Structures are given as structure tokens and as C-alpha cells.
Amino acid sequence: MEYFLHILILIGIYVILSVSLNLITGYAGLLSIAHAAFYGVGAYVAALLALKFHSPFLANIVCAVILSGLLGALVGIPSLRIRDDYFAFQVITFSIMNNWVSFTGGPMGLPGIPQPAIFGWKITTHYDFLIVIFVLCVITLWISHKIVSSPFGRVLKAVREDEIFAQAMGKNVASYKVLIFVIGAGMASVAGVMYAYYISFIDPTSFTIMESIFIISIVIIGGAGNIWGSVLGAAVLVILPEALRFLGMPSSIAANMRQIIYGALLVIFMLFRPQGFIGEYSFRK
């Protein structure tokens, strides 16, 4: 039963990550490969605050969101001049996590992250974490729905479809891009906070460029430009590789098979259904 709950918790974490990236990629049309960096910033902020200052769980979430949002703005503003949408922030963040040993623990990571508590309620069991993750997923989906169904969301779609036309209509395209990048980065940090507390140990290998590509795969396969596509994509890509456990494959082979499955699905969808399962935006454009 705990294994089943563990899978649900992971799905919840990746739902938050993929929905937040979908706002940037699916609705604004910005293909960011730096999302795992903001995921990692949230995890490290929460872990460091909890270990060094014993600050409360909710305060750590707020700090992680604020810092990730600020970093999102710092990255987003200069990146507006880059047409290829590739951000060096991912590499820089990983290098800091991996090399600043005295602060981040370096390759050894940060062990012993204490269990969180909310107003005296100790979050210790898988059921407790699942409840918290579920609530955060609902909040994330609600906020995302409000964004994409608002005039702000319609402008994002206009920017995605024809940036020059949106500018001609008097919209400040640059500010919309930076703002949605800030919102997406802040949301991604919430997933990082929950991951750090749930695993109680973090190290840089969880926040590499491969993790960013995996999150992009969820968005593309589930459906870019559709919030529920991210939910479906997260469920499929988290559950599907777990089936390898029941085939009796050694862990070393199963790890490689996961990458093969992810890559094959990504290629198939980009060739034959670029809008994903239920998406509204096709990257083949």
C-alpha cells in the first residue's frame, strides 16, 4: 500500500511541475529547459532553512516561491533576446549545487531534512504527504485555470500564436513573458519543497537537465496548452516505467529502459501527434 501511495505522491509532485511548465511552454510558447533548476531551488531553499534555522514549513514554501520567482525574473528578462529559448540557468544552478560544498553539501547532498508540520500537525506518513500534495495540486490547478481563462491568459495565447500581432495590438509582450516565467518558476519551487521534505534528502542529481527534459516530455505527451493534459501526462510517465519493476529487470537495465521509453514516446508524439493526448498547441508549428 505504501508503494501505491508513493507513486501517487510522485504523480502529484510532477503534476505541479508540469502544470507550471505548461503555463510557460504551452500557453506562452516559451520552450524552457531550465525548469528543473527552479524545482531544485525550491528544494534547496526549504532544506537549508529547515536544517539551519528550523523555520516552519509554510514559511519555507513562501521563501522558496519568492526566491524562485525573483530568479525567474532575472533569467527571463535577458533571455527575451534569445530566440532559441535555451537557458544557461539550468547549468549554472546545477554547478552551484554541485560545487558549493560548504553551503549545499555538494555531491553528498543535504541529508536529515526534518519532517514538516502545519499548525502542530506533524506530516509523517505517506497518507499525510498525499493529503498535502493533493491540496497543493488543487491550488495549483485552480490558480492555473484562473490565469489561462483570464484576459492575461488570452494574451499569452496571442503571444504564442503571433507575437508580432500581439505587439501590434498594443500588448507589452516582454512583460507578459517575464511575468508568466516568474509565476511558473514560483510554482515549480513548491514541488521542490515537497520533494525535499518527502524524501528528506536532496542532492544535485535530482535537478539535472535530464529532469528538465522529463518535465518537458510530460507537457508534450500530455498536451501543451491544456492544464489537464499535464495531469494526464504526469500520471502516464510516472506509472508507465514502474511497470518495468514487475518484469524482473535489474535496476541498472530498468533505468536505461526508462530513458528509452521516454525518448521513444517523445519522438512518436512529435511525429504523429505533436499536440499530445489532449493538447491545444502543436510544437510542430
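This is a predicted model: local features need pLDDT of at least 70, side-chain atom pairs count only at pLDDT 80 or more; totals for chains, interfaces and linings use all residues.
**Entry 1: overall build.** I began with the secondary structure and found twelve helices and four strands in the chain. Next I looked up the radius of gyration, which is 18 Å; the globule rule gives 19 Å for 285 residues, so the chain is as compact as a globular protein of that length. The C-alpha trace spans about 55 × 45 × 35 Å along its principal axes. I also checked the contacts with a separation of 6 or more, and 77% of them join residues 24 or more positions apart.

**Entry 2: the inside.** How many of the residues count as buried? I got 52% of the 285. The largest nonpolar core holds 88 residues, and Ile-13, Leu-17, Phe-57, Tyr-197, Ile-202 and Phe-207 have the most contacts inside it. Helix α9 gives this core its largest share, 15 residues. I then picked out Phe-57 and listed its partners beyond four places in sequence: Pro-116, Ala-117, Ile-118, Val-132, Val-193, Met-194 and Tyr-197. A friendly reminder to myself: in soluble globular proteins, nonpolar side chains tend to be buried together.

**Entry 3: the largest pocket.** I read off about 760 Å³ of space here. The lining has 28 residues, and I noted Tyr-14, Glu-211, Phe-214, Arg-258 and Tyr-262 as the closest to the pocket centre. Which helices supply at least two lining residues each? I found α1 (2-27), α9 (173-199), α10 (209-222), α11 (227-242) and α12 (251-272). Sorted by class, the lining comes out as 17 nonpolar, seven polar and four charged residues.

How values were computed
Residues are numbered from 1 along each chain as its sequence is written. Side-chain values use heavy atoms; hydrogens and water are left out. On a 1 Å grid over the protein atoms alone, a cavity is a set of points where a 1.4 Å probe fits but cannot get out, and a pocket is an open set with protein on both sides within 12 Å along at least five of seven lines; lining residues have an atom within 4 Å of a point. Grid points are joined across faces, edges and corners, and a volume is the space filled by probe spheres set on the points. Ala, Val, Leu, Ile, Met, Phe, Trp, Tyr, Cys and Pro count as nonpolar, Asp, Glu, Lys and Arg as charged, and the others, Gly among them, as polar. A nonpolar core is a set of buried Ala, Val, Leu, Ile, Met, Phe, Trp, Tyr and Cys residues joined through side-chain atoms within 4.5 Å. Buried means under 20% relative accessible area, exposed over 50%, partly exposed in between (1.4 Å probe, protein chains only). Contact means heavy atoms within 4.5 Å. The radius of gyration is taken over C-alpha atoms; the globule rule is 2.2 Å times the number of residues to the power 0.38.
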